[in-house]
Amino acid sequence: MGGSGRESNVAQLSLRGIKKRFRETAVLHGIDLEIGDREFVVFVGPSGCGKSTLLRLIAGLDPITEGEFVLNGTRMNDVAPSRRGIAMVFQSYALYPHMDVYENMAFGARLMGLTKAEVEARIAEAARMLRLEALLKRKPRELSGGQRQRVAIGRALVRKPDVFLLDEPLSNLDAALRSEVRLEIARLHREIGGTMIYVTHDQVEAMTLADKIVVMNNGRIEQVGSPRDLYETPANTFVATFIGSPRMALVDVTRDGDRLAVANGGAVVTGALPDATSLKLGLRPDAVQLHRGAGSEGLSAKVEYTEYLGDNAYVYARLADGTLLSARTTPNDLFAPDEAVTVTVTPGAAHYFSAEDGRRLNP
Amino acid sequence: MSADATNYYDRKGILGALGRDGLLQVILIANTILMLAPIVIMVFSAFKTTPQIFQSPFGIPDFTQVQNFVKIWNETNFLRYLLNSFVVTAASMVLILTLGTMAAYALGRYAFSGASFILMFFIAGLTLPLKLAIIPLFMLMRDLSILNNQLSLIFVYTAMGLPSTIFIMTGFIRTLPNELEDAARMDGASEARIMWSIMLPLVRPAMVIAGIQNVVPIWNDFFFPLVFIQNDNLKTLPQGLTTFMGEYTTDWGVLFSGLTLSAAPIIIIYIVLSRQFIAGMTSGAIK
């Protein structure tokens, strides 16, 4: 039962039409997803989008209402969590508070029926990888947040699972530690090579760690793709505004020949256009330029404020129709609040979405 | 009004001299004296003869006078009673804590239809004046043929202790994070092992509270042994003491020494468990 898979550490996950209801409330409305071996997949989305629920269904902690979860060709719907070859790192770490670090890691390994020597060997290996050797005799309450996090990962590691599930593992850490542990997780994925499924609401974590990002919203998958795919060709306005910081501005425009016009706010040339008269124009900060004063060619806007970030700066300007737009500028190029500016767009850098359903339109 | 208030603060009353905390200290010290006085008098009287008790009830006795204790040792079944009390109390506590924790775990952790009804059913037990049911209980024990048998006491005490235990434990178990059980489930622990290896160590503080709450009334209970037990060899301490209270009606010294001996174990248990309880409170924190 999954045993042959465990040795070679191959993990092929298929989710087919997964639905989840808690009593009358539908949380997931049919999830179809293929996850390949050794992939680092990140589920990302706003709170309540169902990403943690999906993770718990894969773990086997909650029953699947409808649909099928197949791991390496075996249907897993009714298999006990510990027999799926899956280990999970919880958001609160969920370390057993009355056991020391060693016992925390040994608990699961012993329950797998391993010999004492094997348990010791695995813990020694995990402790070495996670630099926990000096902490093995400590209780969880004597550890810092980052150390607890490493113990939680170590506990998953000693079970040598095919699939690692990580539920918002960095959300309890402070900002400095967060980027450090993020690197560590990336390194671990390279070293042990298992399939990792990682849940977060932080798009920076998703972009930096993932081979494949699954963007979820309201119990549905909005788009699956590499970080580059999602950033460069977002499938709809939700993904477009969710990925990227500062977020993409969406402007309602009407087509006027080869120009796009904003209601009483001028018109702009953006390059090749899709075949639609009214659409949403998506502008990332690096796709626009600001010019001082009211010009004839471009969108008129008024500066609201400027964020100075050292190596560059973001200027937030409000268009005539009320849309707030951000533009990346050089730090030397600062604008005063309420200054009138004209916005032009780098040809080919804009995104277009249907005005009706927000779907991506290609020129 | 304001002038009065100024006057009040100007005056050096007891409140002014001691301050708020000082007053609190005085009240607490007075309370401590009130609580300890009966125990101290009991221990003092255990070392006095009856005439001495009446001559100087609060006087400090000669602690080398242990003839009362010797008398109890030689002339009564004291050891037997003590042993019976231990057996009955221990058996009841084991049953109460085992059954109570298991029931509370199920009620606190598994969502099943009727769970809240069962919890209400258990808690309703808190409101029942059990002693009113003594005649039906007597008949029940007679029909079960366990009159004059310690089982009758153990059953009644277990029933008496379960409601409060389940109430305390259910509330406590509900506060423990769910992710611990999920983690244990991922680790491959069975439900029984999750309860034994993960939950039980964590609920120890609550078990100690429930234990203290139950062990004192059971140890001191006089009513049920009086009704259910006639055989002298099966009597518990409080009941046994009345036997020699009858024989030594006038000998208050012996009675007090018996009381002292009977109270000693429970006071020691109480002190030990209190330490445990405080230790448990400070070490149980999760994050």
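In the predicted model, the buried residues of helix α3 of chain A are A:Val101, A:Tyr102, A:Asn104, A:Met105, A:Ala106, A:Phe107, A:Gly108 and A:Ala109. The helix runs over residues 101-111 and is mostly covered, with eight of its 11 residues buried. The elements that cover these buried residues include α4 (116-129) and α5 (145-157) of chain A. Just after α3(A), A:Gly113 adopts a positive phi of about 85°.

Contact between the two chains involves 17 residues of chain A and 17 residues of chain B. On the side of chain A that touches chain B, β6 (86-89) and α3 each supply at least two residues. The most is given by α3(A), which contributes three residues to that side. By residue class, the side of chain A that touches chain B comprises 12 nonpolar residues, four polar residues and one charged residue.

The loop between β6 and α3 of chain A contains A:Ala94. The phi of A:Ala94 is near 50°, a positive value in a residue other than glycine. Most residues other than glycine have a negative phi, and most peptide bonds are trans. A:Ala94 counts as buried because 27 C-beta neighbours lie inside 10 Å, where 20 or more are required.

A second residue with a positive phi is found in chain B. The phi of B:Ser145 is near 60°, again in a residue other than glycine. B:Ser145 is located in the loop between α7 (134-143) and α8 (150-175) of chain B. With 10 C-beta neighbours inside 10 Å, B:Ser145 counts as exposed, since the limit for that class is 12 or fewer. Thus A:Ala94 is buried, whereas B:Ser145 is exposed.

A cis peptide bond is present in chain A, from A:Ser245 to A:Pro246, with omega near -5°. A:Pro246 lies in the loop that connects α9 (237-242) with β11 (249-256) of chain A.

For chain A as a whole, nine helices and 21 strands are assigned. The C-alpha trace of the chain spans about 80 × 45 × 35 Å along its principal axes. Of the 363 residues in chain A, 41% are buried. Among contacts in chain A between residues at least 6 apart in sequence, those that join residues at least 24 apart account for 67%.

In chain B, helix α5 (residues 78-109) and helix α11 (residues 204-220) have axes that come within 10 Å and cross at roughly 145°. The crossing of α5(B) with α11(B) is right-handed. From α5(B), the contact is made by B:Ser85, B:Thr89, B:Ser92, B:Met93, B:Ile96, B:Leu97, B:Gly100 and B:Thr101. From α11(B), the contributing residues are B:Met207, B:Ala210, B:Gly211, B:Asn214, B:Val215, B:Ile218 and B:Trp219. An α-helix has 3.6 residues a turn, so residues three or four places apart point the same way. The residues of this contact between α5(B) and α11(B) divide into eight nonpolar and seven polar, with no charged residue.

Terms used
Residues are numbered from 1 along each chain as its sequence is written. Chains are lettered from A and ligands numbered from 1 in the order in which they are written. This is a predicted model: local features need pLDDT of at least 70, side-chain atom pairs count only at pLDDT 80 or more; totals for chains, interfaces and linings use all residues. Helices (H or I, at least four residues) and strands (E, at least two) are DSSP runs, numbered from the N terminus. Two residues are in contact if their C-beta atoms, placed from the backbone, lie within 7 Å. Ala, Val, Leu, Ile, Met, Phe, Trp, Tyr, Cys and Pro count as nonpolar, Asp, Glu, Lys and Arg as charged, and the others, Gly among them, as polar. Axes are lines fitted to C-alpha atoms, for helices over the stretch in contact, and angles run from 0 to 180 degrees between N-to-C directions. A crossing is left-handed if the near helix is turned anticlockwise from the far one by less than a right angle, and right-handed if clockwise.
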